[in-house]
Structures are given as C-alpha cells and as structure tokens.
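Biologist: Please walk me through how this fold is put together, one question at a time.

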Amino acid sequence: MLRNPIHKRLEKLESWQHLTFIASLCERMYPNYQAFCLQTGFSDPMVYRRILDLIWETLTVKDAKVNFDNQLEKLEEAIPSADDYDIYGVYPAIDACIALGEAVHSRLSGEMLEHAITVSETSLRTVGMLEMTQAGREMTDEELKELPAMQDELDIQWEIFRLLVECEERDLELIKGLRSDLREAGVSNIGVNLAQ
C-alpha cells in the first residue's frame with residue numbers, strides 16, 4: 001500500500017508529537033467505527049471514544065495515570081470480525097481499531113515512531129481499499145496517489161505534521177486545538193460523518 005513521504009520526516013519529531021499525530025489520525029477514523037457500531041449494533045462506540053480520550057488526556061494532563069493494559073483488553077473485545085459481517089463498513093471499523101491499538105501499544109512500549117508510521121499507513125489503507133472497492137479493481141500506488149480522496153488524506157496528514165513540527169516544545173493549546181477541530185469536523189478519512 002501507498003507509502004507516505006511523511007514517514008521519513010516523522011523521525012524528526014519527539015514522542016509527544018508522534019502521539020499527537022497518532023491520536024489525530026485515530027480521531028479521524030473514529031466516525032468509521034461509530035457508524036459501523038450504530039449500523040450493526042455490534043458494540044458501544046463509546047468504548048473507542050473513551051480509550052481515545054485517555055490517549056489525549058495523557059498528552060494534556062501532566063502525570064495522568066492510565067492503565068493501558070486494561071484499555072487494551074477493552075479494545076480487543078470491541079474489535080469486530082470481518083467474518084461476522086457482510087457489509088463493507090466492517091473493514092474501516094477494523095482499521096480504526098488497529099490504529100487505536102497502535103496508540104495504546106505506543107503508550108505501553110514507549111516506542112512512538114514505528115506506531116505513528118503504522119497508524120499513518122493504516123489510515124491510507126482505509127482510503128485506498130474503499131477507492132479500489134468502489135472502482136471494482138486493484139490499483140497501483142501511482143493510480144491511488146492521483147485520487148482526490150487519497151490526496152485529501154495525504155494533505156491532512158501533512159497538515160497535522162506541519163503543525164507539530166513547528167513546535168519547539170509540547171504545546172498544550174495546539175494539542176487541544178487539534179483534538180477539538182478534528183472532533184468538531186466529525187468527518188472520517190473516508191467521508192463518514194459523525195452521528196450527532
């Protein structure tokens with residue numbers, strides 16, 4: 001799947017910037033999970049929301065104490081199985097869970113960079129798979145790069161990166177601003193709108 005040139009540049013960021021990048025992309029994938037849960041009755045989308053809120057909290061609240069092993073268990077129970085559903089929405093929902101799992105694992109391991117790259121790739125894959133499914137065929141990376149939806153996703157990832165790379169030190173206002181802007185936009189990486 002498509003490589004984002006941003007992946008090499010992510011190495012320049014500090015761990016808090018990596019985690020903010022991860023949380024931002026998870027925030028953009030949350031509507032995919034919420035829509036799937038509401039459509040199928042599979043799980044309570046608030047499970048995802050609460051775990052993601054705890055990730056954000058560790059970025060903005062000094063010495064926030066969170067049991068991420070416990071959160072990982074909760075998340076694992078909230079991941080749908082593609083075998084159980086014959087609707088396309090299960091795949092973006094699974095991708096959203098994969099991304100949030102990476103966020104939790106980054107908190108457990110302290111290894112931020114590799115998780116940030118995986119979340120970026122996961123979000124790109126969600127967009128690419130939808131585009132190929134709608135087109136009814138496989139596409140090359142070059143074809144995918146030309147698609148407006150993929151360009152939008154790459155642009156948004158770059159925009160988040162640019163905001164973060166300009167910070168000399170942890171900027172609580174920027175973190176809170178990103179969180180509220182993405183949440184208020186309420187539109188996922190594949191155009192799913194957050195249910196109000």
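Biologist: Is the crossing left-handed or right-handed where helix 2 passes helix 6?

Modeller: A word on ground rules: this is a predicted model in which local features need pLDDT of at least 70 and side-chain atom pairs count only at pLDDT 80 or more, while totals for chains, interfaces and linings use all residues. Residues are numbered from 1 along each chain as its sequence is written, and side-chain values use heavy atoms, leaving out hydrogens and water. Helices are DSSP runs of H or I with at least four residues, strands are E runs of at least two, and both are numbered from the N terminus. A crossing is left-handed if the near helix is turned anticlockwise from the far one by less than a right angle and right-handed if clockwise, and helix 2 passes helix 6 in a crossing that is left-handed.

Biologist: How are helix 2 and helix 6 oriented to each other?

Modeller: Their axes (lines fitted to C-alpha atoms over the stretch in contact, with angles from 0 to 180 degrees between N-to-C directions) come within 9 Å and cross at roughly 25°. Under 35 degrees counts as roughly parallel, over 145 as roughly antiparallel, 65 to 115 as roughly perpendicular and the rest as oblique. Helix 2 and helix 6 are therefore roughly parallel.

Biologist: At what angle does helix 5 pack on helix 6?

Modeller: The axes of helix 5 and helix 6 are 9 Å apart. Helix 5 is roughly antiparallel to helix 6, because their packing angle is about 175°.

Biologist: Is Ile79 buried, partly exposed or exposed?

Modeller: Ile79 sits in the loop between helix 4 and helix 5. Not counting residues up to four places away in sequence, Ile79 touches Phe42 and Cys97, where contact means heavy atoms within 4.5 Å. With a relative accessible area of 33%, Ile79 is partly exposed.

Methods:
Buried means under 20% relative accessible area, exposed over 50%, partly exposed in between (1.4 Å probe, protein chains only).
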